[in-house]
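Subject: Structure for your review

Dear colleague,

Please find the structure below, followed by a summary of what was found in it.

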Amino acid sequence: MQSALDASDWALQWLFADPLILAAQYSSHSPDTARCDRCGVYWRWIMRHKSDFFASSINRRGLRHATLRAVAACAALILVPALSMAAPPADYLGVPFDDAAYRADQAAAALRPRLPYHAFETAATVWDSKDPKGAGWAGKEESGATIGLDSPDADGKRFIHYHVALNGYRYAVFGWNWAGPNDAPVDLSQYDAVAFLIRITGPRPPQELFFAVDETESGPVSLRDYESEFRDGNWHRITIPVRAMRRNAAQAGPQVRGFAFRTFVWDSAEYDVQLEGFTLERATDRAALDAAYPPAPKRAPARGQAIPGRLQCAFYDRGGEGISYHDTTAVNILSGVLNQKPMHQRRHATDYEWSFRRDEGVDISFTKDFADLKHKNFFDIGPNQLYIGGAEPAEWCSYTVDVKKAGIYKVIFAYANDKNGQRVGLSINRGPVNEYKMPLVTGGAHTWNKSEIGTITFPQAGRQLFTLHYGNGFNLGYFDFDPVTAK
Ligand SMILES: [Ca+2]
Ligand SMILES: [Ca+2]
């Protein structure tokens, strides 16, 4: 285990380093060690050495300072979350990401015909602005966000009205449930599209707005693909084909009780969203629907990324939130938001890089000339390297890997981390998490290093499920697994 507590190392660093960093480094993450043990070790060390402070006539101010550091570090030990021990559910067999198939799908999507304007007809109204039912809700992370029903206007309509003010790098989610837990939900599989009227006003509208049925039932779909000018202050009718919504495999079925909107802002935003009605529609032109959204071609199951070899962090398995990954923000705040800004669509890249898996929760970006290559890196990462960014505590991704030979492998990691990012964890087949401390704090989320961080043992060859656990502060590029000894 890479992270075994080394008291003397701890003590030396303690005197000179930021206790929060130390706490992040050493907070408990071993399944058999309680967090308080760390505090205890730290405290015992202080007690053991306190006489030294007096004996060497270190002034009381110094001792006070040291004690304050200790208290801060102990508090941080409690506050800094451990690496997640979560793993894919036991019945998940692993659906490896197939990059060649992904590229083929993207190319096919670019050639798909647009659906004709009258492709759908209204079939069911589940929320009516004349007779609204249900209740709204807003996520906890917004500041100043409210959701409610407007007073009836002259036509007797009552709009769902959402107001939000966000200051910098924030995620917001709000929704409306028309059916309670004891009410009958709607079987979405009976319909072909969801439709609603929306108007967005305000001094700083969001760059992107994402829609999902229920809070977790489907992956969030960017509205921009369905109405590019939806932020112009006018009412717009948005119709999203059900086939365009990526179903979340973690959820039970197509029974929906409401809908959710999500936004993410990098700077700040203040806007109002009004919604009128919410309908489910059936296709009037099924041939056009089939042409625009053909069924996925049958492909031979991919074997996954091979070991020995390179494992690309962005090539995590298919499956969705809670199945093949856990991410704090349901939208991809990089591919789906940041990299949709024109200035981030660099000339050295293509849509493949800047939109990579944009409709999934894991936050993915690519190395850019103006961010990653403008300064000296510890190794030449090069442009267009896909990486997982937006890393937050307790996030994880799983990979189906094809282990060619059992044995011990060097773990060589291409990463960037600011001073907060210190550990990653790897586990095989939902087993214990091996933790790795970074040999170098690169000093910036776009300053890249590649180095050996330890070893890992694959006890058997064949297809296996591999889980990567990470905390905040990282950008995670790829792992190389080089054999040390092969059985
Ligand atoms: Ca995310
Ligand atoms: Ca994330």
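A nonpolar core is a set of buried Ala, Val, Leu, Ile, Met, Phe, Trp, Tyr and Cys residues joined through C-beta atoms within 7 Å. A residue is buried if 20 or more other C-beta atoms lie within 10 Å of its own, exposed if 12 or fewer, and partly exposed in between, with C-beta atoms placed from the backbone. The model is predicted: local features need pLDDT of at least 70 and side-chain atom pairs count only at pLDDT 80 or more, while totals for chains, interfaces and linings use all residues. Residues are numbered from 1 along each chain as its sequence is written, and chains are lettered from A and ligands numbered from 1 in the order in which they are written.

The largest nonpolar core holds 102 residues, of which Ile388 and Cys397 touch the most other members. Strand 13 (residues 268-283) supplies the largest share, seven residues; strands (E, at least two residues) are DSSP runs numbered from the N terminus. This core lies between domain 2 (99-105 + 299-486) and domain 3 (117-292), because both give residues to it; the domain bounds come from an automatic or database domain assignment.

Two backbone features also deserve mention. Most residues other than glycine have a negative phi, and most peptide bonds are trans. A cis peptide bond, with omega about 5°, joins Ile307 and Pro308. Ala394, in the loop between strand 18 (386-388) and strand 19 (395-403), has a positive phi near 75° and is partly exposed.

Yours sincerely

How values were computed: Helix = DSSP H or I, 4+ residues; strand = E, 2+ residues; numbered from the N terminus.
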